Each structure stands twice: as structure tokens, then as C-alpha cells.
Amino acid sequence: MALKNINPTQTEAWKKLGEHYSEIKDIHLKEFFKNNPNRKEEFTLSDDDFLVDFSNNRINQQTINLLIDFAKEAQLEDAISKYFSGDVINVTENRAVLHTALRDASNEEILIDGTNIKSEIQTTLTKIESFSNTVISGEWKGYTGKAITDVVNIGIGGSDLGPDMVVEALQFYKNHLNTHFVSNVDGDHVSEVIKHLNPETTLFIIVSKTFTTQETLSNATTIKEWFLQSATEKDIAKHFAAVSTNLKAIDAFGIDQNNVFPMWNWVGGRFSLWSAVGLSISLSVGFTHFSSLLNGASEMDQHFKNTPFKENMPVILSLLSIWYNNFFGCETEAILPYSQYLNKLPSYLQQAIMESNGKSVDRDGNQISYQTGTIIWGSTGTNMQHAFMQLVHQGTKLIPTDFIGFKESLYGLNDHHNKLMANYYAQMEALAFGKTKEEVHLDLKFQNEASKIATLLPFKVFEGNKPSNAITIKKLTPKSLGKLIALYEHKLFIQGVLWNIYSFDQFGVELGKELANKYYNKIK
């Protein structure tokens, strides 16, 4: 069964939220904390190695209660049940949405058209493990008998952003293989990647569900031509693998059927890193770590499925996002990981969230009158503190932010990590509480700058009252990364449910492709 069509603005809870917003919109975070000494404890959620502190938000307990009432009135519980059980909730494409099944280690059956898909998933995982072990161990030989040293993932969108982000995030855990990603149809991109590679020791993975994606096939063909300058057609079988459903096209390309991994139409591209699309991840860090990534995501799935809304991390984060988007009129959200390893996380989440919820018609096909998808952007701390944070602190826009930090570093440089985390907490405090005229006045006096008070005072005042969430994790591991990614996957799913839109199609990307083909023929 499909999701229910409920216009959020017509619910009783939405109307109450509007009234409540009018009552508290001008209250400063300082006042919220002053009125409730236990606020931090009451507005912190935990699940094993994860803490989500949402106390630095412009809300009180009544706000949370009303938001949860809204989620219930919009039938979120029913939607969660359908999400996990394989109902066709991607109605416009007549598909189930079951990326969660890819990491489900339970013995429960998950049926698609009466067939349990768990056995097919397990077969594929076994094949990924075997393939990865053979390549990593050096048992897999190229056409001149040499072991593989480099792996190149050729894909775009979800076939690139997810694996690329995870491989970079898990560099600490990587093995001896060098992993590269080719995505852009820009010929300079693929040329830069292959110019330092040895065709005798490189394995190429072509990731394309249909094996017709223009960017991916153009890059794959260019790489094949480069490869054949020193190798023969029969050598392709030792250097190319594919993740696709188009067996005929794969065969025509020359790829050995034993090197082909499946894709399923119940997994959207931007949620596919958990599938064979993640083969480059398994090759880069080994299957054991890839399995841990899946287990972490499964842990968050269980938390999301089984935890009451008031203690549910994805639910609370999603509701807060709606609070700012639809009542405060905030158009963007910043995602700020305090780990250089997570440099590509904002870009990955940008695709996941904006491609999913950038919709302007509801599930009945009607034009909607309220805001949906938020604009996602961000960078890593502390780099961004020396860049765009000036606007977040003192600009005219209200930008809710997610700070992501880790209690432990990986290399054990504790002084570095202490400075990093000092900045992590300081930024959130500065955003929340700012700096008053009186405090600036005193500072300038103590700095013997009293003569400049009249001139400098207005420029050094920080209004504060800027909302943020602190997602604090024990340590960056494959498991905790999986859990973090799944947290945001569920957050965007909830938003789509509550906004009454379909999150799992992406027709908006198709028109540009159609027109590009027309212009390509003209340019040729």
C-alpha cells in the first residue's frame, strides 16, 4: 500500500504549531536555558556510542510535543512500517524502497512480489566478499600476471558520491590498494585519473544500473580504449567488473559474466552504497570493515524502527528541520563535521536530501503552497571557521547547523584533538549565546581599547540565538559511519512523509539529460 496523502498545513497540529511559533519566535536561547536548568539533559538523546544534543534550538518542551503530535497526525508510524516492509511507497516508479534490507542481518523475510529478497542479498554479499578477498590478497592477476594495485570506480550520482565519500571517510582503515573515482563527463577528469595508472595492475568497476548513463559510458569507453592500447579484448575480463542489470550491454563491452554484480530496482541510486555499488568500498577497506559499515546502519535502522518518537534521533532531527524550514522560513541547513575524513559528507548528503525532497507537487500530484526540501551545504571544522562561519554568526540569515564531532581521534594526537573539540563546542556556544554590548564594552576596556568603544562596539556584538545540533560520536569507525549515514537517510525519509511528497523519484534530473542529447548532436 502507498503512503497516505495528508496535507500537513491542514492538520490540527500544524495550526497549533503556527500559533506556538508566534508565541516563542522572539525568545532568546539564553532565556530558554535560564528557565530550565535541566534543559541540556532533557534535550539530549543517546544510543550506545551516539549522543544528539538538541538543546541549542529555539524550542521548549511544548514545541517538541506539538511536533510529535504533528508526526502522529501525519501518520508517520504507518509510513515507517511501510518503509521497512517493502510496500510500494515509491508510487510514481511503482517500486518498494528497501535499501534498509541490504543491511538487515535478522532472519525475518522481506518479500517483493512474494519472493524473499534476503537470500539474493546474501548471495551478493558473499560474492562481494569473495571478489574482494581475491583482489586484496593478490591472488587476482592482471593480463601480465601482476597483482592489482589500483581500483577505479566509474559511475556518477549515487554510483559515485556514496562510495567516494565512504572510501575517503575510512582512509584510516584502508589497505594497500589505491582507489580512484571517475564521474564527470569532463574528459580532463578521466584523463587526469588514468595518466598515472598502469593498465597491467588496474581494476575498473563500471557502475550503472542500465549501462546506458551517458557520463559513465563515455568514461568507460575512453578507459577501455586506453586499456586496449597495451592489452587485447580478451584481457578485459581480468581488468573490468560491472554493477548493473543490463547483461547484454555488459557482454558486448567484453566484461566476464563472473565479474558482474546485480542492482535492484527497489534500491534508489543515492541509497545504493550498501549494495554491490559499494564494491569499491569493500576493495578499499576489506569486506570485514564493509560488513561493519552495514551493521552500523542496521543499528540505526533498529533505533529508528523501535524507539518512541520523543527519544528517536532521526524523528527529532527531522521535526526540528521542519520547524525551521516551515515556520522560521529558513531555506538552508549547514552540515559541519569536525573531522577532515568527512570532507565529502556534506556533498553526499546534499545529493541524498536535495534530490529526494526537492519536490513541488504533493502525493496527489497537486502544486503545494508550503516549503519542502532544504538547501544543504557545509564543510569541515575548523576549516570552515576561517571561511563562511562569519555569515552564520553575524549575517542576516538564520541557518540551522548540525555539528558532528568525535570524542576520540584515530591517530591519538590528543593535543590536536583537544583543540579540535574545543572549537567544536565553542562554535555552538557562540552561535547560541553570542556576545552582548556590555560584554564587548568590558572586553575593549580590558584590552586598553576604551577610546575605540564607540567605533567598534556595533561590529563586535554577536546576537546569538542561532540554532544548532551536536551529534557527538565516540570514534570514527566503519560501524559509526554506517550509523551516521543511516541517521540522515531516515531524517530525509521522515521529511518527505510529513511534507506529503514522494522522496524516492528524481524526475527533475531527466529534462537536462534529454536536452543535453539534443545539444550534443548539434555541437557534433
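A: Let's start with Thr-179, which is buried at a relative accessible area of 19% (buried is under 20%, using a 1.4 Å probe and protein chains only). Keep in mind that this is a predicted model, where local features need pLDDT of at least 70, side-chain atom pairs count only at pLDDT 80 or more, and totals for chains, interfaces and linings use all residues. Numbering runs from 1 along each chain as its sequence is written, and side-chain values use heavy atoms, without hydrogens or water.

Thr-179 sits in strand S6, residues 178-182 (a DSSP run of E, at least two residues; helices are H or I, at least four). Beyond its neighbours within four places in sequence, Thr-179 is in contact with Val-151, Val-167, Ser-280 and Ser-284 (heavy atoms within 4.5 Å).

Now for the open spaces. The largest pocket holds about 830 Å³ (an open set of 1 Å grid points where a 1.4 Å probe fits, with protein on both sides within 12 Å along at least five of seven lines; lining residues have an atom within 4 Å of a point). Of its 33 lining residues, Thr-213, Gly-269, Gln-506, Glu-510 and Lys-513 are closest to the centre. Helices H9 (214-227), H14 (345-357) and H20 (510-523) each give that lining at least two residues.

The second largest pocket comes to about 450 Å³. Its lining has 18 residues, with Ser-339, Gln-340, Tyr-341, Ser-409 and Leu-420 nearest the centre. Helix H16 (residues 414-433) supplies the largest share of that lining, three residues.

Terms used
Buried < 20%, exposed > 50% of the residue type's maximum accessible area, 1.4 Å probe, protein only. Points joined across faces, edges and corners; volume = space filled by probe spheres on them.
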